[in-house]
Amino acid sequence: MTAAPNSEAILPAQGIEAPRSGKVDPKYLRKGSSRGNFEMVTWVFMRVSGVALVVLIFVHLYTNLMVGQGIHQIDFAFVAGKWANPVWQFWDLTMLWLAMLHGTNGMRTIVNDYAEKDTTRMWLKSILYVSTTVIIILGTMVIFTFEPCLVDDSGQLLEHAPSFCQNVVN
Amino acid sequence: MWSWVGHRITGVGIFFFLLVHVLDTSLVRVSPEAYNAVIGAYKHPIMIAGEIGLVGAIVFHAFNGLRIILVDFWKQGTRYHKQMLYVVLVLWLVTMVAFSARHLMLFIGGE
Ligand code: HEM
């Protein structure tokens with residue numbers, strides 16, 4: 001055999017059958033464990049969400065920072081302008097959920113790797129899951145209950161309200 | 001090995017930034033003043049440098065994440081994992097030169 005690049009990385013070793021499902025003695029299949037195939041589902045989720053996040057985040061950074069006036073354009077009116085469009089509402093919502101779930105699952109892996117005491121692990125993961133829940137619910141509510149043309153008690157538009165509000169109120 | 005350390009550190013860093021970023025964005029539900037005041041902090045020169053660092057972390061995590069996915073799902077993935085790491089580093093450099101140049105130009109130009 002000719003030497004291939006990184007030949008030490010070729011797996012599996014020649015002549016040894018790869019452990020495909022069905023060819024494996026049932027006693028080696030991790031069926032019936034209480035974990036079910038949760039870890040496999042999260043493993044797939046990390047990859048599927050990762051691919052989606054590349055598109056979601058790169059477009060997010062491009063439209064907010066690379067076009068128009070870039071960082072200087074970011075203010076209340078800019079957000080109002082974007083969320084007037086349901087496509088951007090949906091975009092940001094998907095990005096929020098996928099990034100939070102992907103990030104939380106990644107953090108869960110890291111806690112499992114380094115926190116060796118059961119109680120420490122339990123505490124760290126509890127804090128993690130509570131934070132994640134709060135942030136996802138808060139972010140979702142902000143996107144759906146956002147009100148661009150806020151008025152004060154006398155019905156006057158608040159300062160810094162986007163210019164299109166002039167036509168909406170009064 | 002080092003790409004794994006880099007992937008882990010950038011993942012944690014991005015996660016904590018995301019928590020803060022959802023909180024600062026939530027201020028649009030408080031008032032335009034509150035949002036504009038806090039988001040104004042992102043326009044400070046030190047924060048501009050921070051943003052370049054943050055985007056650098058995201059772009060590395062994204063490209064290296066795609067490499068991990070290719071190693072897992074592409075037949076030749078394990079054979080070319082090293083070459084793919086060089087591709088990740090080159091693409092990262094190109095993206096970051098372009099991003100930093102544009103971000104700095106817009107920042108200086110719009111002052
Ligand atoms: C930009 C697109 C992204 C891609 C392509 C991506 C891809 C990946 C992949 C493939 C993994 C490995 C999962 C495993 O080994 O099972 C991973 C881990 C991780 N990701 Fe991402 N990710 C992205 C965005 C994010 C974001 C936005 C966050 C934070 C909110 C994040 C946080 C993490 C964390 C904390 C880990 C765990 C690292 C470890 O276990 O060493 N990632 N990512």
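Biologist: How far is an oxygen atom of the ligand from an N or O atom in the side chain of B:Arg8?

Modeller: This is a predicted model, in which local features need pLDDT of at least 70 and side-chain atom pairs count only at pLDDT 80 or more, whereas totals for chains, interfaces and linings use all residues. Residues are numbered from 1 along each chain as its sequence is written, chains are lettered from A and ligands numbered from 1 in the order in which they are written, and side-chain values use heavy atoms, with hydrogens and water left out. A polar contact is a pair of N or O atoms within 3.5 Å; within protein, one must be able to donate a hydrogen and the other to accept it, and residues adjacent in sequence count only if both atoms are side-chain atoms. For B:Arg8 and the oxygen atom of the ligand, the distance is 2.6 Å.

Biologist: Which elements give two or more residues to the shell around the ligand?

Modeller: A nitrogen atom of the ligand lies 3.2 Å from a polar side-chain atom of B:His7, and one lies 2.8 Å from an N or O atom in the side chain of A:His102. Helices are DSSP runs (H or I, at least four residues), numbered from the N terminus. The elements asked for are, in chain B, helix 1 (2-26) and helix 3, and in chain A, helix 1 (38-66) and helix 3.

Biologist: How do the residues of the shell around the ligand divide into nonpolar, polar and charged?

Modeller: A residue is near the ligand if one of its heavy atoms lies within 4 Å, and the 22 residues around it come nearest at A:Arg47, A:His102, B:His7, B:Arg8 and B:His61. These residues come from chains A and B, so the site is shared between chains. Asp, Glu, Lys and Arg count as charged, Ala, Val, Leu, Ile, Met, Phe, Trp, Tyr, Cys and Pro as nonpolar, and the others, Gly among them, as polar. The division is 11 nonpolar, 9 polar and 2 charged.

Biologist: Is B:His61 buried or exposed?

Modeller: Buried means under 20% relative accessible area, exposed over 50%, and partly exposed in between (1.4 Å probe, protein chains only). A:His102, at 15%, counts as buried. B:His61 has 16% relative accessibility, and therefore counts as buried.

Biologist: What is the distance between the C-alpha atoms of A:Thr104 and A:Thr132?

Modeller: A:Thr104 is placed in helix 3 of chain A and is buried, at 8% relative accessibility. Beyond its neighbours within four places in sequence, its contacts (heavy atoms within 4.5 Å) are A:Leu128, A:Tyr129, A:Thr132 and B:Phe15. A:Thr104 and A:Thr132 are 28 residues apart along the chain, and their C-alpha atoms are separated by 6.9 Å.
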